[in-house]
Each structure stands twice: as structure tokens, then as C-alpha cells.
Protein chains: 4
Amino acid sequence: MSERPPKPPRQERWDRRMELPLAVASVAYLAGYAVRVLARDHLPRLGVDLCVGVVLGAWAIFIADYAVRLRLSGQRPLRFVRTHLVDTVVLLLPLLRPVRMVAIYDRVQRRRGQPHLSLYARVMVYSGLSVSLLGFTAALTVYHHEVDAPGATIVTFGDSVWWACATLATVGYGDVTPVTPIGRVVAVGLMACGLALLGAVTGSFSSWLIQAFTREDEKPGNGEGPRGDPPGAS
Amino acid sequence: MSERPPKPPRQERWDRRMELPLAVASVAYLAGYAVRVLARDHLPRLGVDLCVGVVLGAWAIFIADYAVRLRLSGQRPLRFVRTHLVDTVVLLLPLLRPVRMVAIYDRVQRRRGQPHLSLYARVMVYSGLSVSLLGFTAALTVYHHEVDAPGATIVTFGDSVWWACATLATVGYGDVTPVTPIGRVVAVGLMACGLALLGAVTGSFSSWLIQAFTREDEKPGNGEGPRGDPPGAS
Amino acid sequence: MSERPPKPPRQERWDRRMELPLAVASVAYLAGYAVRVLARDHLPRLGVDLCVGVVLGAWAIFIADYAVRLRLSGQRPLRFVRTHLVDTVVLLLPLLRPVRMVAIYDRVQRRRGQPHLSLYARVMVYSGLSVSLLGFTAALTVYHHEVDAPGATIVTFGDSVWWACATLATVGYGDVTPVTPIGRVVAVGLMACGLALLGAVTGSFSSWLIQAFTREDEKPGNGEGPRGDPPGAS
Amino acid sequence: MSERPPKPPRQERWDRRMELPLAVASVAYLAGYAVRVLARDHLPRLGVDLCVGVVLGAWAIFIADYAVRLRLSGQRPLRFVRTHLVDTVVLLLPLLRPVRMVAIYDRVQRRRGQPHLSLYARVMVYSGLSVSLLGFTAALTVYHHEVDAPGATIVTFGDSVWWACATLATVGYGDVTPVTPIGRVVAVGLMACGLALLGAVTGSFSSWLIQAFTREDEKPGNGEGPRGDPPGAS
């Protein structure tokens with residue numbers, strides 16, 4: 001959240017060069033973890049080892065990237081950690097890393113000259129994708145830690161996804177809930193991050209709807225409901 | 001969400017001509033489905049066949065309309081599907097179609113020269129009606145799929161409506177919850193669509209209330225509370 | 001919600017003259033109903049009759065007032081009902097009437113020359129009081145209809161108040177929930193009205209907080225946190 | 001909420017002089033209460049007496065401070081209570097007092113010349129810290145009153161924290177809920193205060209996100225996602 005100095009050119013170059021490898025490593029990490037968790041009973045010994053290898057390899061890439069960035073920044077380690085809090089958290093919990101890929105998707109779309117989405121639509125797409133990835137990751141982690149716990153109500157991955165959706169929407173039926181300490185910590189994290197992002201989606205949708213109705217008011221000959229292209233920012 | 005070119009005149013004419021038939025087909029579809037689901041134990045063989053016939057007939061009309069629109073647009077099918085995502089989803093899930101009727105109601109009111117509602121009131125009415133239709137449709141579908149499931153807690157249509165209301169308000173008591181996969185997928189859809197719309201209702205009401213209080217402040221001789229006509233936009 | 005013509009002077013005079021009697025009748029109605037519901041096991045025969053008498057008497061006053069207003073408006077009955085929807089609903093459900101007393105409280109405060117509250121504070125007080133009255137009324141009605149129902153979880157008035165609070169905050173634990181059809185209809189009404197009002201409270205508080213922080217920014221020598229008087233409107 | 005006259009210089013001086021002692025007393029009160037509640041089974045007789053002594057001593061400081069403020073204000077007691085409602089509530093429920101320390105933290109940061117946070121970031125930090133303290137305090141109090149109640153579902157402090165998080169996020173699973181009257185009153189207080197504060201966090205985050213996206217739009221050459229420093233106010 002604190003002010004950050006403009007990046008030196010070498011750091012910019014590093015950022016650009018590492019974009020693709022980091023994205024691939026993020027997907028590999030998530031995929032390796034997902035296969036390890038979801039297919040644990042059907043996986044041969046070799047498959048488990050492969051998954052663990054992929055996960056650890058991806059993590060190694062993240063750590064190396066963090067170290068290079070720390071070096072290039074020329075800051076003392078403690079100060080670097082303080083000014084890059086989000087990066088540090090993501091280093092320790094790499095499951096959160098794929099959420100950053102939404103930014104890359106947005107950038108690729110822009111380079112390909114795709115029609116630029118309006119402000120509210122972009123906030124909705126960005127937050128919506130982040131929420132989906134967060135929910136999937138949380139469902140995966142909670143399932144991993146709950147499935148063997150005594151007295152657990154989350155016994156299939158479907159239960160876990162159902163629980164994550166009910167939590168993100170703040171509905172919270174309570175028919176399935178985590179009972180292990182780790183599951184509950186993940187749940188609290190999901191509430192905290194997810195609700196803020198979902199609030200952004202809802203708020204943007206609401207603003208977009210009101211803008212759509214306002215625009216419609218200004219075109220008196222228009223007999224159309226508020227469908228079609230959402231209004232731009234301005 | 002993406003930008004759409006202005007409609008050619010032939011498409012405009014088609015839109016206007018199909019308005020009434022599509023509205024009738026939407027109501028017929030919903031009514032046929034509702035009768036089929038709610039009266040299934042009391043309906044003679046012929047009644048069931050009639051309901052299924054009405055539902056399939058309405059669906060055929062939707063498909064024909066979609067095909068004509070695709071033809072008139074002059075676009076390639078894939079591109080048409082991408083630029084008309086909402087229409088495509090509604091084609092596959094025609095139960096969502098009656099929600100569009102709210103727009104028609106609004107247009108009819110306007111043609112009859114009814115007093116124009118203020119911006120916030122219109123957002124509230126539009127979103128409120130959409131939410132009601134969505135909730136009714138979801139309650140119907142969930143009841144249809146849950147009623148015979150083992151271990152189901154939603155055993156009457158009343159339970160299903162009660163569940164839909166508690167879900168839309170994000171209260172989520174959890175005394176009755178869907179247990180089948182299809183029921184849960186419908187529930188997640190209801191949360192996603194419903195919450196955004198309900199957020200629009202709440203946000204508009206809140207903005208309207210603040211405007212009403214502001215307006216009252218500017219009339220110092222007014223001893224009236226914020227009742228009466230809501231303030232217009234701007 | 002629709003536009004309303006300015007009131008003729010005779011109606012204005014009637015409004016002013018009936019203010020106090022209607023307020024007294026509202027309180028009497030709510031008090032009579034509350035005593036009847038809460039003390040039903042400890043009340044002698046005479047007490048029950050008295051409560052019922054007070055309730056019916058207050059209702060008669062409301063009906064008479066509605067009839068006079070209809071007469072004074074010079075409108076046809078059907079049109080009057082349509083343009084005074086809120087009044088009509090309140091006539092049929094007089095338990096909602098005390099909510100209007102919040103407006104009277106506000107007016108009395110103003111006549112006594114009390115320091116005028118800022119815009120957001122007023123929205124918060126008005127909505128907060130309305131929500132409290134609504135919640136109390138709903139808790140009363142639900143308790144009345146649930147207490148003797150088979151399988152009810154709301155068995156004391158405390159349970160009912162606890163349920164109403166959890167519902168209004170959209171927390172919805174689900175440890176106590178209404179099971180009778182009437183109780184559930186009241187619950188849905190409480191969700192609908194209550195959430196909108198509570199959204200207004202939350203939204204106003206949020207706006208007030210941001211304004212307080214903004215104001216603080218503009219006074220650089222001020223070492224005070226955002227306590228003290230909330231900023232005015234505009 | 002009402003307008004407050006500017007503070008006389010003697011009161012200002014008292015405020016500044018008492019800042020540190022009050023902060024220390026607040027922490028001592030909370031710590032004493034926490035140790036007393038959490039370690040009750042492992043604490044020797046002397047430890048319990050020490051905790052109670054610390055709590056009562058801190059309370060005495062709060063009462064003395066309140067009395068001096070009342071004296072310095074030169075107002076009649078009743079009027080002072082009415083114009084300092086928050087201070088009076090905090091005097092009676094000193095567990096809420098540490099929440100005020102967030103303001104002190106902010107002031108200390110500013111004196112040390114730390115980079116000033118942007119408006120939205122400050123609202124988020126302030127509200128987030130307040131919510132955390134409130135939740136911790138509520139979890140502590142509820143655990144204290146529930147742990148020995150018959151039929152309680154909150155049997156460990158972990159359960160209590162889990163319940164407080166689910167309540168603040170309005171998720172409300174209902175797997176653990178307070179059953180004692182005092183526990184439920186605390187829960188209602190937590191809902192009321194917490195939701196408003198959390199609404200401020202969510203609203204600020206949403207506004208910040210939209211501002212970040214807007215700013216990004218204005219820098220067309222920028223290929224970066226909305227990370228980095230949040231935009232300032234205005």
C-alpha cells in the first residue's frame with residue numbers, strides 16, 4: 001500500500017522476461033497440487049512423486065525470482081519485504097499466485113488489440129476471475145485438510161466447492177463446514193479476500209446498471225431495455 | 001459486454017415483430033414447466049403430455065428466432081455466439097427468458113404514457129421483478145430435482161421458495177438446503193445472478209433515501225418525512 | 001413511487017390534526033398486541049379482552065382516518081389505493097404503522113429547535129429506528145405464530161428476537177428458524193424491508209467515515225482521529 | 001453525533017497528557033481480561049487476583065479520566081453524558097476502549113513522518129484494525145460466558161474466534177452459536193458495530209479498485225495491472 005519508487009530499467013526487463021515462465025510455473029503449481037489432492041486414491045506411486053516434483057520445482061522458480069528481484073531493487077532485505085508485502089505473502093502461499101495471472105490475461109488481450117472493455121466490465125471480469133481462482137484454491141486446500149478429519153462434513157470435493165460458493169456469497173448454509181484448524185484458517189482467509197473482491201463485482205454491476213438506465217433516459221426515442229454495450233468510464 | 005454494431009433495419013423490424021410471440025412463448029414455457037413440476041401427482045396422463053408439448057413448442061420458437069437473428073446479422077455463427085452470449089445462454093436455459101419480459105413491461109408502460117418512474121425507482125422495479133422471477137424459477141428447478149432425492153430437506157415447494165428467499169437475501173439459514181449436484185449448481189447460479197441484482201436494489205434504495213433526505217433539507221419549511229415521490233435522476 | 005399532486009389545504013389540516021391521535025393509536029396497537037402475545041399465560045380473562053379491545057379500537061381509528069383521506073382527496077377509490085399503496089399496506093398490517101412514528105420523532109425534535117443532525121447521521125438514525133421497530137414487530141409476530149407449532153425451534157420471545165437480529169444482519173445462523181407458513185412469510189418480509197434499510201445505514205456510515213477522513217486530511221495540523229461531529233451534507 | 005463546541009486549551013492539554021496512560025491502561029485491561037479468561041484453569045490463585053487487580057485498576061483510571069473531562073468541560077453532568085455518548089459507552093464497556101488505540105497508532109505513524117497512506121487505504125487500515133480488535137474482544141467475552149453453559153456449542157476459544165469471523169463476514173454457518181442471553185447480546189453488538197465497519201472496508205476497497213482501474217486507463221502505455229501504490233484522495 002505504501003508509495004513505491006519508479007522501477008529501474010533492469011528490473012523492468014526482468015519483469016518482462018519472467019512473465020511467461022512465472023505464468024507457466026503458476027499453472028504447473030496449481031495443476032500439480034490439484035492432481036495430487038483430487039486423484040490421491042487413483043494415482044500410482046510415480047504419479048504422486050511427479051506431482052510433488054512439479055510443485056516443488058515451481059516453488060523453486062518463485063523463490064529464485066524473488067531473490068533476483070530483491071537483488072535488482074538494491075534495497076535491504078527487511079525494507080524489501082515491507083515494501084513488497086503482497087509478493088512475500090504470495091511467495092509463502094504460492095496457491096494464491098495464479099490469481100495474478102488475471103493481470104496477464106488482461107495484458108495479452110490488450111496486445112492482441114481486442115476491443116477494450118469498459119471500466120466497470122473490466123473490474124467485474126478481473127474481480128470475478130480472481131474470485132473464481134481463489135474459491136477453487138480454497139476448496140482444494142480445505143478438501144485436502146478436511147477429508148480425513150474425524151467428524152468432517154466436507155467429504156467430497158463437490159462438498160468443498162459447494163461450501164466455497166456458499167461462503168463467498170456470504171450465504172453460509174452451514175450444512176457443510178470445515179472442522180479442522182487449518183480448514184478454518186483457510187476459510188477465514190477466503191472470507192476476507194473473497195468478500196472484498198465480490199463486493200467490487202457487485203458494486204461495479206450496480207453502478208453499471210444505474211449508468212445503463214441513465215444513458216437510456218437520455219435517448220428518448222430508444223425503446224430498448226438496458227442491454228447491449230455497457231457505458232464507458234468517463 | 002463487448003461493443004456491438006448498430007442494428008440493420010431488417011433486424012430492427014424482426015425484433016419488433018417477434019416481441020409479442022416471444023413474450024407469449026416465454027410465459028407458456030414457464031407456465032408449462034411450473035404445472036408439470038407442481039401438479040405432477042395430480043395431473044392425468046394427457047395433462048403431462050400437454051405440458052411437455054407446450055414447453056417443447058416454446059423452445060422450438062426460441063430456437064427458430066435465434067436462427068433468424070443469426071441469419072439477419074450476417075455474422076459467422078461462432079462470432080455471433082460470442083457477441084450474443086446472453087442470448088445464447090437464454091436459448092439453452094429458457095427458464096431465464098421470462099426475466100427479459102421485465103423490459104417489455106417497462107416498454108409497454110412507456111407507450112401507454114404512464115408517468116415515467118424516476119431513475120432509482122426504475123432500477124428498483126426492474127431489478128426487483130427480475131429477482132422475483134429468478135427466485136421463482138430457481139425454486140421450481142430445485143424442487144423438481146430435490147423432491148425425490150434421498151436425504152433431501154427440500155420436500156415441498158414451500159420449502160423450496162423459503163430456501164430461495166433465504167438464499168437471495170444471503171441469510172442462508174441452512175435449515176433446508178439442496179443436496180443433489182443439479183440443485184447445488186442451480187443454487188450457485190441463483191447466488192451469482194441474484195446477489196448482483198439484489199445489490200442493485202439495495203444500492204438504489206440507499207441512494208434514493210439519501211437523495212430524499214437531501215431534498216428535504218433544501219425545503220426548510222417542509223415538516224414532512226421522506227415520503228411521497230422519489231427524486232428524479234441527476 | 002408515482003408522482004403525487006400537491007395536497008389541498010383541507011387535507012393538510014387533517015394531516016396535522018390527526019398526527020397525535022394516530023401516533024397514540026399506533027403505540028396503543030403495538031402495546032396491546034405485545035402484551036397479548038408476551039403475557040398470554042399470565043393474563044387474566046379481563047386483560048386479554050382489554051388488549052383485544054385496544055387493538056381493535058386502534059384499527060378502527062386507522063380505518064376511519066383512511067376513509068377521511070380518501071374522501072378529502074376527491075379521487076376514485078381504486079385510483080386512491082394505487083397512488084397510496086404504502087398507506088393501504090399499512091392499513092391492512094397496522095403493526096408496520098409505528099415505523100412511521102420515526103418521522104414524527106424527527107419533526108418534534110426539529111420543532112424544539114434541537115441541533116439539526118447532519119445528512120448521514122439523520123439517515124442512520126431514521127433507518128436504524130425503523131429497523132429496530134420492524135425487527136421487534138417481526139419478532140413479536142413470529143413468536144405469536146411459532147410458539148405452539150409442532151417442531152418449532154423458536155420457543156421463547158428471546159429466541160425470536162435473536163432470530164430477528166441474525167436475520168436483519170443477514171448472518172442467518174439457522175439455529176432457530178420459523179417453520180410455520182405465516183412465520184416464514186413474515187421472515188421474508190423482514191428480509192426484504194430490513195435489508196434495504198440496513199443497507200442504507202451501512203452505506204451512510206461508510207460515506208460518513210470516508211468524509212470524516214477526507215475532512216481530517218484537509219486540516220494538516222489536526223492530530224485528532226475521526227471522532228467528533230460528523231460532516232454536514234453537501 | 002451532535003455538534004460539539006471547540007475544545008478549551010486546558011482540555012486539549014489534558015487530552016495530550018493522558019494519551020499514553022490511557023493507551024497503556026487499555027492494553028492492560030484487555031490483556032488482564034484475556035489472561036483471566038483464557039488461562040483460567042492453569043492460573044494459580046495469585047495469578048487470578050493479579051489479573052482482576054489489573055482490570056479494576058485500569059477501570060479506575062478510565063473513571064478518573066472521565067471525571068476530569070467532565071470537570072474541565074464545565075457542562076452539567078447530564079448534558080456531558082449526552083454530548084459524549086461514545087465516551088460514556090466506552091467507560092461502561094472498557095473492552096471496547098482498545099479500538100480507540102487505532103487512532104493513536106495512526107497519529108504516531110504520522111509524527112514519525114511515515115509515508116502518508118492514501119484516503120481509502122487509511123479507511124481500510126483503520127476499519128480493519130478496529131474490526132479485528134472488536135472481533136477478538138467479542139470472541140473473548142462470548143467464550144467467557146458460553147464455556148460453562150449447558151448445551152453450549154462454543155467450547156474452546158478457537159470455536160469462539162471461528163464464530164466471530166463467520167459472524168463478522170455475515171456468513172453465519174451456525175455450526176457454533178452462542179446459547180446464553182449474555183452471549184447473544186454480545187453477538188448482536190458484534191453484528192451491529194462490525195458490519196458497519198466491515199462495510200466501510202469493503203466499500204473503500206471497491207472504490208480503490210475502481211480508481212486503480214481508472215488511473216490505469218489514463219496511462220495508455222502502461223502494461224501493468226492495478227498493483228503498486230493506491231491512488232490518493234480526490
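1. Thr177(D) has 4% relative accessibility and therefore counts as buried, a class that means under 20% relative accessible area, with exposed over 50% and partly exposed in between (1.4 Å probe, protein chains only). The model is predicted: local features need pLDDT of at least 70 and side-chain atom pairs count only at pLDDT 80 or more, whereas totals for chains, interfaces and linings use all residues. Side-chain values use heavy atoms, without hydrogens and water, residues are numbered from 1 along each chain as its sequence is written, and chains are lettered from A and ligands numbered from 1 in the order in which they are written.

2. Thr177(D) sits in the loop between helix H7 (157-168) and helix H8 (181-218) of chain D. Beyond four places in sequence, the contacts of Thr177(D) include Tyr173(C), Asp175(C) and Trp163(D), contact meaning heavy atoms within 4.5 Å.

3. The largest nonpolar core has 193 residues; such a core is a set of buried Ala, Val, Leu, Ile, Met, Phe, Trp, Tyr and Cys residues joined through side-chain atoms within 4.5 Å. Among the residues with the most contacts inside it are Trp163(B) and Met191(C). Apart from this core lies another of 19 residues, including Met18(B) and Val55(B).

4. Helix H2 (residues 45-73) of chain B has 29 residues and spans 42 Å from its first C-alpha to its last, close to the 42 Å expected at 1.5 Å a residue; the expected span is 1.5 Å times one less than the number of residues. Helices are DSSP runs (H or I, at least four residues), numbered from the N terminus. Val55(B), Phe62(B) and Arg69(B) are among the buried residues of H2(B).

Key
Helices (H or I, at least four residues) and strands (E, at least two) are DSSP runs, numbered from the N terminus.
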